[in-house]
Amino acid sequence: MKKTRRGWWLVDGLLVAAYLLLMAIVMPYLRESHTVQFFPNGLYSPMGRVMVVPGGSINETIYRADGWTRSLPALLTVALLPLVRPRPLVFAGTVTIGQLLIATVHASGDVRYAMLVAAEFCLLAIALAWPRRTSAKAAVLIGAGGLASVVGFPIGASQLMPTHVIVVSLLTLVAWLIGSSSRERRAGAARQRADAAAQAVANERLRIARELHDMIAHSIGIIAIQAGMGNRVIGTQPAEAQKALRAIEDTSRDTLSQLRRTLTALRHGENAETPTDPAPGLADLDKLVDSTKHAGVLAIVETIGIPRPLPGEIDLAAYRIVQESVTNVVRHSGARTCRVRVEYEDGAVAVTVSDDGHGVLGSGGTGFGLVGMRERVHLVHGTFSAGPRPGGGFLVSATLPVPGGFGTTYGTAKDDEQDGEQAGKPISPAHPAPDPNPAVTP
(Lines give C-alpha, C1' and ligand atoms only; values in the text may rest on other atoms or scores of the structure.)
Protein backbone atom coordinates (compact mmCIF):
# COMPACT_ATOMS: atom_id res chain seq x y z
CA MET A 1 0.00 0.00 0.00
CA LYS A 2 1.39 3.40 -0.93
CA LYS A 3 2.26 5.54 2.06
CA THR A 4 0.75 9.02 2.34
CA ARG A 5 2.75 12.14 3.12
CA ARG A 6 1.60 11.97 6.74
CA GLY A 7 2.67 8.35 6.86
CA TRP A 8 6.19 9.22 5.70
CA TRP A 9 6.41 11.97 8.29
CA LEU A 10 5.38 9.46 10.94
CA VAL A 11 8.05 6.98 9.83
CA ASP A 12 10.73 9.66 9.76
CA GLY A 13 9.62 10.93 13.17
CA LEU A 14 9.89 7.46 14.62
CA LEU A 15 13.39 7.15 13.14
CA VAL A 16 14.47 10.41 14.80
CA ALA A 17 12.93 9.37 18.12
CA ALA A 18 14.67 5.99 17.97
CA TYR A 19 17.98 7.70 17.23
CA LEU A 20 17.70 10.06 20.16
CA LEU A 21 16.53 7.25 22.47
CA LEU A 22 19.49 5.04 21.54
CA MET A 23 21.87 7.94 21.98
CA ALA A 24 20.44 8.54 25.44
CA ILE A 25 20.98 4.86 26.27
CA VAL A 26 24.57 4.93 25.00
CA MET A 27 25.52 8.19 26.75
CA PRO A 28 26.16 6.74 30.26
CA TYR A 29 28.61 4.22 28.86
CA LEU A 30 30.61 6.97 27.16
CA ARG A 31 30.88 9.08 30.27
CA GLU A 32 34.38 9.88 31.49
CA SER A 33 35.47 8.56 34.90
CA HIS A 34 38.02 9.87 37.35
CA THR A 35 40.28 7.81 39.56
CA VAL A 36 42.78 8.88 42.17
CA GLN A 37 46.07 7.01 42.40
CA PHE A 38 48.17 7.49 45.51
CA PHE A 39 51.99 7.28 45.63
CA PRO A 40 53.17 6.77 49.23
CA ASN A 41 56.81 6.75 48.16
CA GLY A 42 56.43 9.33 45.44
CA LEU A 43 56.86 9.06 41.70
CA TYR A 44 60.16 9.77 39.93
CA SER A 45 61.21 10.04 36.32
CA PRO A 46 64.04 7.87 34.88
CA MET A 47 66.36 10.85 35.28
CA GLY A 48 65.50 11.02 38.98
CA ARG A 49 63.27 14.06 38.76
CA VAL A 50 60.41 14.13 41.28
CA MET A 51 57.04 13.93 39.57
CA VAL A 52 54.88 13.16 42.62
CA VAL A 53 56.09 13.84 46.11
CA PRO A 54 55.86 10.96 48.63
CA GLY A 55 52.27 10.61 49.85
CA GLY A 56 50.92 12.53 46.84
CA SER A 57 48.31 11.40 44.32
CA ILE A 58 47.32 11.81 40.63
CA ASN A 59 43.74 12.33 39.40
CA GLU A 60 43.31 10.27 36.19
CA THR A 61 40.51 10.44 33.58
CA ILE A 62 39.54 7.09 32.07
CA TYR A 63 36.82 5.82 29.73
CA ARG A 64 35.32 2.43 30.50
CA ALA A 65 33.49 1.93 27.17
CA ASP A 66 34.92 -0.70 24.84
CA GLY A 67 35.58 -0.15 21.14
CA TRP A 68 32.15 -1.36 19.99
CA THR A 69 30.35 0.98 22.37
CA ARG A 70 32.55 3.90 21.35
CA SER A 71 31.64 3.41 17.70
CA LEU A 72 27.88 3.34 18.34
CA PRO A 73 27.30 7.15 17.96
CA ALA A 74 28.87 7.08 14.48
CA LEU A 75 26.87 3.99 13.47
CA LEU A 76 23.64 5.55 14.73
CA THR A 77 24.40 8.67 12.68
CA VAL A 78 24.81 6.56 9.54
CA ALA A 79 21.48 4.89 10.38
CA LEU A 80 19.84 8.27 9.72
CA LEU A 81 20.75 8.06 6.00
CA PRO A 82 17.10 7.53 4.95
CA LEU A 83 16.51 11.13 6.05
CA VAL A 84 19.28 12.59 3.89
CA ARG A 85 17.41 12.86 0.59
CA PRO A 86 13.84 13.61 1.74
CA ARG A 87 14.56 15.75 4.81
CA PRO A 88 18.16 17.06 4.88
CA LEU A 89 17.52 19.78 7.46
CA VAL A 90 15.77 17.34 9.81
CA PHE A 91 18.79 15.07 9.50
CA ALA A 92 21.21 17.93 10.20
CA GLY A 93 19.21 19.13 13.22
CA THR A 94 18.97 15.63 14.66
CA VAL A 95 22.71 15.04 14.28
CA THR A 96 23.40 18.38 15.95
CA ILE A 97 21.34 17.32 18.96
CA GLY A 98 23.19 14.00 19.02
CA GLN A 99 26.56 15.76 19.01
CA LEU A 100 25.54 17.92 21.96
CA LEU A 101 24.21 14.91 23.88
CA ILE A 102 27.49 13.07 23.46
CA ALA A 103 29.43 16.17 24.45
CA THR A 104 27.49 16.64 27.68
CA VAL A 105 28.96 13.42 29.09
CA HIS A 106 32.44 14.55 28.03
CA ALA A 107 32.87 11.62 25.68
CA SER A 108 36.38 11.02 24.39
CA GLY A 109 37.72 12.82 21.32
CA ASP A 110 37.73 9.72 19.11
CA VAL A 111 34.01 9.17 19.76
CA ARG A 112 33.14 12.75 18.88
CA TYR A 113 35.32 12.88 15.77
CA ALA A 114 34.03 9.51 14.52
CA MET A 115 30.50 10.82 14.85
CA LEU A 116 31.48 14.08 13.13
CA VAL A 117 33.10 12.25 10.20
CA ALA A 118 29.96 10.13 9.76
CA ALA A 119 27.88 13.30 9.74
CA GLU A 120 30.21 14.89 7.16
CA PHE A 121 29.78 11.92 4.80
CA CYS A 122 26.04 12.39 5.08
CA LEU A 123 26.51 16.12 4.45
CA LEU A 124 28.39 15.21 1.27
CA ALA A 125 25.36 13.19 0.13
CA ILE A 126 23.08 16.14 0.93
CA ALA A 127 25.23 18.54 -1.10
CA LEU A 128 25.16 16.11 -4.04
CA ALA A 129 21.37 15.82 -3.97
CA TRP A 130 20.10 19.24 -2.93
CA PRO A 131 20.56 22.82 -4.19
CA ARG A 132 23.34 24.88 -2.71
CA ARG A 133 21.03 26.91 -0.48
CA THR A 134 19.58 23.85 1.27
CA SER A 135 22.90 22.04 1.59
CA ALA A 136 24.53 25.18 3.02
CA LYS A 137 21.89 25.28 5.77
CA ALA A 138 22.57 21.64 6.58
CA ALA A 139 26.32 22.34 6.67
CA VAL A 140 25.79 25.25 9.06
CA LEU A 141 23.70 23.07 11.41
CA ILE A 142 26.20 20.20 11.44
CA GLY A 143 29.20 22.51 11.77
CA ALA A 144 27.54 24.49 14.57
CA GLY A 145 26.79 21.28 16.44
CA GLY A 146 30.40 20.15 16.14
CA LEU A 147 31.78 23.54 17.23
CA ALA A 148 29.36 23.83 20.15
CA SER A 149 30.35 20.40 21.39
CA VAL A 150 34.09 21.13 21.39
CA VAL A 151 33.75 24.68 22.73
CA GLY A 152 31.10 23.97 25.37
CA PHE A 153 32.61 20.67 26.45
CA PRO A 154 36.33 20.80 25.61
CA ILE A 155 38.29 17.75 24.60
CA GLY A 156 41.50 17.37 26.56
CA ALA A 157 43.64 20.34 27.45
CA SER A 158 42.37 23.86 26.81
CA GLN A 159 45.44 24.63 24.68
CA LEU A 160 44.06 22.30 22.02
CA MET A 161 40.80 24.25 21.67
CA PRO A 162 41.87 26.31 18.58
CA THR A 163 43.03 23.13 16.85
CA HIS A 164 39.70 21.41 17.44
CA VAL A 165 37.78 24.46 16.17
CA ILE A 166 39.86 24.60 12.98
CA VAL A 167 39.58 20.85 12.32
CA VAL A 168 35.80 20.77 12.80
CA SER A 169 35.32 23.84 10.58
CA LEU A 170 37.58 22.49 7.83
CA LEU A 171 35.93 19.05 7.80
CA THR A 172 32.50 20.60 7.43
CA LEU A 173 33.60 23.10 4.77
CA VAL A 174 35.48 20.53 2.69
CA ALA A 175 32.59 18.04 2.75
CA TRP A 176 30.13 20.70 1.62
CA LEU A 177 32.42 22.09 -1.10
CA ILE A 178 33.12 18.65 -2.59
CA GLY A 179 29.44 17.73 -2.72
CA SER A 180 28.27 21.10 -3.99
CA SER A 181 30.91 21.41 -6.71
CA SER A 182 30.24 17.84 -7.88
CA ARG A 183 26.54 18.60 -8.12
CA GLU A 184 27.23 21.76 -10.14
CA ARG A 185 29.47 19.84 -12.53
CA ARG A 186 26.86 17.15 -13.04
CA ALA A 187 24.16 19.77 -13.60
CA GLY A 188 26.39 21.55 -16.12
CA ALA A 189 27.07 18.32 -17.96
CA ALA A 190 23.33 17.55 -18.05
CA ARG A 191 22.62 21.02 -19.45
CA GLN A 192 25.27 20.55 -22.12
CA ARG A 193 23.80 17.19 -23.13
CA ALA A 194 20.32 18.71 -23.31
CA ASP A 195 21.59 21.65 -25.39
CA ALA A 196 23.46 19.30 -27.70
CA ALA A 197 20.35 17.15 -28.16
CA ALA A 198 18.21 20.21 -28.89
CA GLN A 199 20.79 21.53 -31.34
CA ALA A 200 20.95 18.15 -33.08
CA VAL A 201 17.17 18.13 -33.44
CA ALA A 202 17.20 21.68 -34.81
CA ASN A 203 19.98 20.85 -37.27
CA GLU A 204 18.13 17.78 -38.46
CA ARG A 205 14.92 19.77 -38.87
CA LEU A 206 16.77 22.38 -40.94
CA ARG A 207 18.41 19.67 -43.02
CA ILE A 208 15.05 18.08 -43.81
CA ALA A 209 13.58 21.49 -44.63
CA ARG A 210 16.45 22.22 -47.03
CA GLU A 211 16.15 18.84 -48.70
CA LEU A 212 12.40 19.17 -49.19
CA HIS A 213 12.67 22.75 -50.40
CA ASP A 214 15.43 22.10 -52.92
CA MET A 215 13.86 18.90 -54.17
CA ILE A 216 10.21 19.94 -54.38
CA ALA A 217 10.70 23.57 -55.46
CA HIS A 218 12.68 22.53 -58.50
CA SER A 219 10.27 19.77 -59.53
CA ILE A 220 7.09 21.74 -58.93
CA GLY A 221 8.54 24.68 -60.88
CA ILE A 222 9.28 22.44 -63.85
CA ILE A 223 5.84 20.83 -63.64
CA ALA A 224 4.08 24.20 -63.44
CA ILE A 225 5.87 25.56 -66.48
CA GLN A 226 5.28 22.40 -68.51
CA ALA A 227 1.62 22.30 -67.50
CA GLY A 228 1.14 25.92 -68.54
CA MET A 229 2.83 25.38 -71.87
CA GLY A 230 0.87 22.18 -72.54
CA ASN A 231 -2.39 23.93 -71.71
CA ARG A 232 -1.63 26.70 -74.18
CA VAL A 233 -0.64 24.50 -77.14
CA ILE A 234 -2.85 21.43 -76.63
CA GLY A 235 -5.35 22.69 -79.19
CA THR A 236 -2.89 23.79 -81.86
CA GLN A 237 0.25 21.70 -81.28
CA PRO A 238 -0.69 18.28 -79.87
CA ALA A 239 2.87 16.98 -80.24
CA GLU A 240 4.30 19.76 -78.06
CA ALA A 241 1.55 19.21 -75.53
CA GLN A 242 2.42 15.51 -75.44
CA LYS A 243 6.08 16.37 -74.85
CA ALA A 244 5.07 18.63 -71.97
CA LEU A 245 2.93 15.91 -70.42
CA ARG A 246 5.80 13.44 -70.76
CA ALA A 247 8.13 15.90 -69.05
CA ILE A 248 5.58 16.33 -66.25
CA GLU A 249 5.32 12.56 -65.87
CA ASP A 250 9.11 12.08 -65.72
CA THR A 251 9.60 14.92 -63.28
CA SER A 252 6.76 13.68 -61.07
CA ARG A 253 8.15 10.15 -60.97
CA ASP A 254 11.63 11.41 -60.12
CA THR A 255 10.28 13.65 -57.38
CA LEU A 256 8.16 10.82 -55.99
CA SER A 257 11.22 8.59 -55.88
CA GLN A 258 13.25 11.20 -54.01
CA LEU A 259 10.40 11.84 -51.59
CA ARG A 260 10.08 8.12 -50.92
CA ARG A 261 13.82 7.90 -50.23
CA THR A 262 13.67 10.87 -47.88
CA LEU A 263 10.69 9.49 -45.97
CA THR A 264 12.35 6.09 -45.75
CA ALA A 265 15.43 7.72 -44.26
CA LEU A 266 13.27 9.56 -41.72
CA ARG A 267 11.54 6.31 -40.72
CA HIS A 268 14.81 4.42 -40.53
CA GLY A 269 14.46 4.07 -36.75
CA GLU A 270 11.00 2.52 -37.08
CA ASN A 271 12.08 -0.81 -38.60
CA ALA A 272 11.77 0.53 -42.12
CA GLU A 273 14.10 -0.74 -44.80
CA THR A 274 17.38 1.07 -45.12
CA PRO A 275 17.40 3.32 -48.20
CA THR A 276 19.70 1.98 -50.85
CA ASP A 277 19.39 4.67 -53.52
CA PRO A 278 22.42 6.95 -53.55
CA ALA A 279 21.92 10.63 -52.83
CA PRO A 280 22.16 12.87 -55.88
CA GLY A 281 25.51 14.43 -56.74
CA LEU A 282 27.34 16.28 -59.46
CA ALA A 283 27.22 13.12 -61.58
CA ASP A 284 23.47 13.68 -61.89
CA LEU A 285 23.79 17.11 -63.52
CA ASP A 286 22.81 15.64 -66.91
CA LYS A 287 19.37 14.72 -65.59
CA LEU A 288 19.06 18.16 -64.07
CA VAL A 289 19.97 19.78 -67.39
CA ASP A 290 17.35 17.66 -69.20
CA SER A 291 14.57 18.63 -66.80
CA THR A 292 15.58 22.28 -67.03
CA LYS A 293 15.57 22.09 -70.79
CA HIS A 294 11.95 20.90 -70.72
CA ALA A 295 11.13 24.05 -68.75
CA GLY A 296 12.54 26.22 -71.53
CA VAL A 297 15.95 27.09 -70.09
CA LEU A 298 19.16 25.76 -71.58
CA ALA A 299 21.68 24.96 -68.86
CA ILE A 300 25.24 24.74 -70.16
CA VAL A 301 27.57 22.76 -67.92
CA GLU A 302 31.29 23.49 -67.99
CA THR A 303 33.73 21.31 -66.06
CA ILE A 304 37.24 22.52 -65.27
CA GLY A 305 39.85 20.22 -63.81
CA ILE A 306 39.79 16.48 -63.28
CA PRO A 307 36.37 15.28 -62.11
CA ARG A 308 37.01 13.30 -58.97
CA PRO A 309 34.79 11.57 -56.44
CA LEU A 310 33.71 13.81 -53.60
CA PRO A 311 32.63 13.04 -50.05
CA GLY A 312 28.90 12.44 -49.87
CA GLU A 313 27.98 15.64 -48.05
CA ILE A 314 30.11 17.77 -50.39
CA ASP A 315 28.72 16.10 -53.50
CA LEU A 316 25.13 16.50 -52.30
CA ALA A 317 25.66 20.13 -51.27
CA ALA A 318 27.20 21.01 -54.66
CA TYR A 319 24.34 19.34 -56.52
CA ARG A 320 21.65 21.02 -54.40
CA ILE A 321 23.25 24.44 -54.89
CA VAL A 322 23.25 23.97 -58.66
CA GLN A 323 19.70 22.60 -58.57
CA GLU A 324 18.33 25.50 -56.53
CA SER A 325 20.21 28.08 -58.62
CA VAL A 326 18.89 26.63 -61.88
CA THR A 327 15.38 26.52 -60.40
CA ASN A 328 15.66 30.21 -59.57
CA VAL A 329 16.74 30.90 -63.15
CA VAL A 330 13.68 29.06 -64.46
CA ARG A 331 11.23 30.69 -62.08
CA HIS A 332 12.47 34.24 -61.62
CA SER A 333 15.16 35.38 -64.05
CA GLY A 334 13.33 35.31 -67.39
CA ALA A 335 16.56 34.11 -69.00
CA ARG A 336 16.59 31.46 -71.68
CA THR A 337 20.04 30.16 -70.88
CA CYS A 338 22.24 29.78 -67.86
CA ARG A 339 25.75 28.58 -67.35
CA VAL A 340 26.85 26.04 -64.74
CA ARG A 341 30.54 25.87 -64.02
CA VAL A 342 32.11 23.14 -61.89
CA GLU A 343 35.78 23.60 -61.10
CA TYR A 344 37.87 20.97 -59.30
CA GLU A 345 40.62 22.81 -57.42
CA ASP A 346 43.48 21.36 -55.39
CA GLY A 347 41.50 20.97 -52.17
CA ALA A 348 38.04 22.18 -53.05
CA VAL A 349 35.30 22.16 -55.63
CA ALA A 350 33.74 25.40 -56.80
CA VAL A 351 30.34 25.70 -58.46
CA THR A 352 29.08 28.79 -60.23
CA VAL A 353 25.68 29.36 -61.81
CA SER A 354 25.16 32.54 -63.84
CA ASP A 355 22.46 33.85 -66.15
CA ASP A 356 21.70 36.96 -68.12
CA GLY A 357 18.19 37.53 -66.81
CA HIS A 358 16.67 40.22 -64.59
CA GLY A 359 19.27 39.81 -61.88
CA VAL A 360 17.13 41.18 -59.01
CA LEU A 361 17.88 39.76 -55.59
CA GLY A 362 14.90 38.24 -53.78
CA SER A 363 12.30 38.94 -56.47
CA GLY A 364 9.32 36.64 -56.50
CA GLY A 365 10.62 34.06 -54.03
CA THR A 366 10.36 33.24 -50.34
CA GLY A 367 14.09 33.63 -49.75
CA PHE A 368 14.37 30.09 -48.39
CA GLY A 369 16.41 29.00 -51.40
CA LEU A 370 19.30 31.41 -50.83
CA VAL A 371 19.14 30.80 -47.09
CA GLY A 372 19.25 27.06 -47.63
CA MET A 373 22.21 27.30 -50.02
CA ARG A 374 24.09 29.49 -47.58
CA GLU A 375 23.41 27.04 -44.74
CA ARG A 376 24.62 24.11 -46.82
CA VAL A 377 27.87 25.86 -47.60
CA HIS A 378 28.30 26.95 -44.00
CA LEU A 379 27.88 23.38 -42.77
CA VAL A 380 30.82 22.21 -44.88
CA HIS A 381 32.91 25.30 -44.00
CA GLY A 382 32.83 26.75 -47.49
CA THR A 383 32.26 30.21 -48.94
CA PHE A 384 29.11 31.44 -50.66
CA SER A 385 27.99 34.53 -52.53
CA ALA A 386 24.90 35.40 -54.54
CA GLY A 387 23.75 38.60 -56.14
CA PRO A 388 23.17 40.56 -59.35
CA ARG A 389 26.03 40.69 -61.82
CA PRO A 390 27.45 44.05 -62.83
CA GLY A 391 26.64 43.47 -66.48
CA GLY A 392 23.17 42.12 -65.82
CA GLY A 393 21.90 38.77 -64.70
CA PHE A 394 22.47 36.88 -61.49
CA LEU A 395 25.45 34.97 -60.16
CA VAL A 396 25.61 32.26 -57.50
CA SER A 397 29.05 31.07 -56.44
CA ALA A 398 30.08 28.54 -53.82
CA THR A 399 33.42 26.99 -52.92
CA LEU A 400 33.27 23.77 -50.94
CA PRO A 401 36.51 22.54 -49.36
CA VAL A 402 37.21 18.81 -49.51
CA PRO A 403 38.45 17.48 -46.13
CA GLY A 404 41.92 16.05 -46.61
CA GLY A 405 42.02 17.24 -50.20
CA PHE A 406 41.68 15.01 -53.21
CA GLY A 407 44.53 12.87 -51.94
CA THR A 408 41.86 10.93 -50.02
CA THR A 409 40.06 8.33 -52.06
CA TYR A 410 36.28 8.58 -52.00
CA GLY A 411 33.84 6.23 -53.59
CA THR A 412 35.09 4.82 -56.90
CA ALA A 413 38.19 6.93 -57.46
CA LYS A 414 40.42 3.91 -56.96
CA ASP A 415 38.27 1.84 -59.27
CA ASP A 416 38.46 4.51 -61.97
CA GLU A 417 42.24 4.58 -61.69
CA GLN A 418 42.43 0.82 -61.94
CA ASP A 419 40.13 0.85 -64.94
CA GLY A 420 42.43 3.32 -66.69
CA GLU A 421 45.50 1.24 -65.95
CA GLN A 422 43.82 -1.93 -67.12
CA ALA A 423 42.89 -0.27 -70.36
CA GLY A 424 46.53 0.69 -70.85
CA LYS A 425 45.68 4.32 -71.17
CA PRO A 426 46.83 7.07 -68.85
CA ILE A 427 44.19 9.25 -67.32
CA SER A 428 44.35 12.58 -69.03
CA PRO A 429 43.14 15.72 -67.30
CA ALA A 430 39.99 17.27 -68.59
CA HIS A 431 40.42 20.49 -70.46
CA PRO A 432 38.11 23.43 -70.04
CA ALA A 433 35.35 23.23 -72.54
CA PRO A 434 34.91 26.20 -74.82
CA ASP A 435 32.13 28.53 -73.91
CA PRO A 436 29.21 27.49 -76.11
CA ASN A 437 27.21 30.49 -75.09
CA PRO A 438 29.20 33.68 -75.47
CA ALA A 439 26.21 35.73 -74.39
CA VAL A 440 26.58 34.40 -70.84
CA THR A 441 29.93 35.40 -69.41
CA PRO A 442 31.26 34.30 -66.04
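Reply: A residue is called buried here when its relative accessible area is under 20%. By that criterion, in this predicted model, the buried residues of helix H3 are Pro 88, Phe 91, Ala 92, Thr 94, Val 95, Thr 96, Gly 98, Gln 99, Ile 102 and Ala 103. The cover over these buried residues includes helix H1 (5–30), helix H2 (67–78), H4 and helix H5 (132–152).

Of these partners, H4 can be described in detail: H3 (residues 88–104) and H4 (residues 109–129) pack at an angle of about 175 degrees, with their axes 11 Å apart. Because an angle over 145 degrees counts as roughly antiparallel, H3 and H4 are roughly antiparallel to each other. On the H3 side the contact is made by Pro 88, Phe 91, Val 95, Gly 98, Gln 99, Ile 102 and Ala 103, which meet Val 111, Arg 112, Met 115, Leu 116, Ala 119, Cys 122 and Ile 126 in H4. Sorted by class, this contact of H3 with H4 has eleven nonpolar residues, two polar and one charged. An α-helix has 3.6 residues a turn, so residues three or four places apart point the same way.

As for the length of H3, its 17 residues should span 24 Å at 1.5 Å a residue, and the end C-alpha atoms are 25 Å apart, which agrees. After H3 comes His 106, whose phi is positive, near 55 degrees.

Definitions and conventions: Residues are numbered from 1 along each chain as its sequence is written. This is a predicted model: local features need pLDDT of at least 70, side-chain atom pairs count only at pLDDT 80 or more; totals for chains, interfaces and linings use all residues. Side-chain values use heavy atoms; hydrogens and water are left out. Axes are lines fitted to C-alpha atoms, for helices over the stretch in contact, and angles run from 0 to 180 degrees between N-to-C directions. Helices (H or I, at least four residues) and strands (E, at least two) are DSSP runs, numbered from the N terminus. Angles under 35 degrees count as roughly parallel, over 145 as roughly antiparallel, 65 to 115 as roughly perpendicular and the rest as oblique. Contact means heavy atoms within 4.5 Å. Ala, Val, Leu, Ile, Met, Phe, Trp, Tyr, Cys and Pro count as nonpolar, Asp, Glu, Lys and Arg as charged, and the others, Gly among them, as polar. The expected span of a helix is 1.5 Å times one less than its number of residues. Buried means under 20% relative accessible area, exposed over 50%, partly exposed in between (1.4 Å probe, protein chains only).
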